[in-house]
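This report looks at how the parts of one protein chain are arranged and how they meet. The sequence and structure come first, and the description follows.

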Amino acid sequence: MASNYKTFDVEAIRAQFPILTREIEGKPLAYLDNAASAQKPLAVINALKNQMETSFANVHRGLHTMANETTAAYEGARVKVADFLGAPKTDNIVFTRGATEALNLVAYGLADEIEVGDEIIISQMEHHSNIVPWHFLRERKGAVIKFVPVSDDGVLDLDALKSMLSAKTKVVSLVHMSNVLGTVNPIKEIAPWVKSTGAIFVVDGTQAAVHMPIDVVDLGVDFFCMTGHKLYGPTGIGALYGTMDMLERLRPFNGGGEMIEDVFETHVTYNDPPHKFEAGTPPILEAIGLGAAIDWYRQYDPTDIHQHEMAVYYHALDGLRDINTFKLIGDAPNKGSVLSFNLEGAHAHDVAQILDKYGIAVRAGQHCTQPLMTRLGIHSTARASFGIYNTLDEADRLVEGLKKASHFLS
Ligand SMILES: Cc1ncc(COP(=O)(O)O)c(C=O)c1O
């Protein structure tokens with residue numbers, strides 16, 4: 001049977017991203033900072049423009065044509081996110097400002113269920129957005145946070161995780177794919193261990209949702225979050241998947257219009273999920289843009305995308321191994337196209353600034369993972385992260401740029 005996917009042609013894909021024709025310092029842009037945020041294809045740019053030019057109003061509360069059209073587009077985007085994540089129902093999807101807000105929403109909403117001494121298990125490879133909201137619960141409720149260790153090459157210690165689970169465990173919240181190490185954690189394998197303790201399983205799918213097909217039911221998670229801007233969509237929009245049971249249990253995060261059923265002088269009753277969590281005017285255009293990004297992305301076979309990104313990753317890595325100061329950070333057997341590294345004797349910020357002179361955009365710093373940096377005994381890393389539009393030629397340019405950086409800085 002012929003597939004409905006478009007043929008994977010990286011040049012045809014690049015042609016859909018106007019920004020990729022830019023020059024930086026007189027050199028063609030090589031944008032290798034996709035784990036921080038990805039560029040936007042014309043399909044997304046035009047969807048936003050079209051919505052603003054042809055039909056826009058506030059959602060849900062109107063009785064006029066454009067209010068109804070905009071509501072249909074906004075709710076249509078929710079259907080796309082639900083389908084993209086494999087959620088059983090559209091109502092399982094809450095729109096948020098991003099993954100950070102989704103994780104804060106869960107941690108805040110669970111506060112009533114946490115008592116002094118209850119344990120929350122996260123890992124040493126979490127992004128701050130999956131650490132700090134749990135610290136809030138530690139501060140407010142006296143919860144205890146436990147960190148699953150990570151090995152030197154960036155693998156989660158599953159035996160340690162198993163041994164940490166107990167009747168005291170109330171929440172386990174783990175990253176699916178690390179934004180620094182690229183490690184892909186075996187969420188589906190972990191889920192039954194968590195469930196057998198009766199704990200709630202939260203997964204930070206911010207990076208994973210961009211690089212692999214997600215099926216939240218098959219993964220067996222209670223909550224899963226993603227963010228739009230890394231998936232070639234707009235900023236200011238993300239999504240939280242929750243099982244209906246969990247969304248009903250969660251206390252709402254923001255109060256205001258639309259999230260209520262009735263408001264009295266004495267008390268208030270809440271709307272049903274997902275609206276219970278979407279107070280006020282939501283990010284309407286951003287959600288519609290995310291829907292467009294998902295449609296655009298899903299034109300391509302996820303296997304083709306994965307193979308392409310990993311081919312670029314390994315091409316770069318092969319070249320970089322020839323640089324004697326090069327040290328790879330994160331070498332797990334199961335990893336995605338995130339290449340963190342250091343050049344011995346050089347600060348990662350200097351490395352990134354030199355690469356910028358050659359038109360190559362990489363990120364340097366702690367990547368919002370200070371506990372991971374502490375665990376690995378490093379201050380920072382430089383990070384090249386490859387997306388759907390990166391090429392082998394750009395990987396070569398990264399290698400050449402780093403050879404020069406290594407020469408200047410050592
Ligand atoms: C693993 C991970 N989790 C969470 C986030 C936070 O995403 P956002 O800033 O879109 O809320 C990021 C962003 O870098 C991330 O990489």
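## Domain division

Domain bounds, as used here, come from an automatic or database domain assignment. On that basis the protein, which is a predicted model, is divided into domain 1, made up of 10-31 + 301-409, and domain 2, which covers 46-297. Taken over C-alpha atoms, the centres of domain 1 and domain 2 are separated by 28 Å.

## Extent of the interface

The size of an interface is often given as the accessible area lost when the parts come together. Between domain 1 and domain 2 the buried area is about 2300 Å², and carbon and sulfur atoms give 60% of this area. Of the area that domain 1 buries against domain 2, Cys368, Leu372 and Arg375 supply 23%, which is more than any other three residues. Counted by residues, 32 of domain 1 are in contact with 25 of domain 2.

## Polar and charged contacts

Between domain 1 and domain 2 there are 17 residue pairs in polar contact, both residues being at pLDDT 80 or more, and the count of salt bridges is 1. Arg375 forms a salt bridge with Asp152, in which the closest N and O atoms are 2.6 Å apart.

## The side of domain 1 that touches domain 2

The elements that give two or more residues to this side of domain 1 are α12 (302-320), β14 (338-343) and α14 (370-376), and α14 gives the most, with 6 residues. By class, the side of domain 1 that touches domain 2 has 16 nonpolar, 11 polar and 5 charged residues.

Conventions
Residues are numbered from 1 along each chain as its sequence is written. This is a predicted model: local features need pLDDT of at least 70, side-chain atom pairs count only at pLDDT 80 or more; totals for chains, interfaces and linings use all residues. Side-chain values use heavy atoms; hydrogens and water are left out. Contact means heavy atoms within 4.5 Å. Buried area is the accessible area (1.4 Å probe) that two parts lose on being put together, summed over both. A salt bridge is a side-chain nitrogen of Lys or Arg within 4 Å of a carboxyl oxygen of Asp or Glu. A polar contact is a pair of N or O atoms within 3.5 Å; within protein, one must be able to donate a hydrogen and the other to accept it, and residues adjacent in sequence count only if both atoms are side-chain atoms. Helices (H or I, at least four residues) and strands (E, at least two) are DSSP runs, numbered from the N terminus. Ala, Val, Leu, Ile, Met, Phe, Trp, Tyr, Cys and Pro count as nonpolar, Asp, Glu, Lys and Arg as charged, and the others, Gly among them, as polar.
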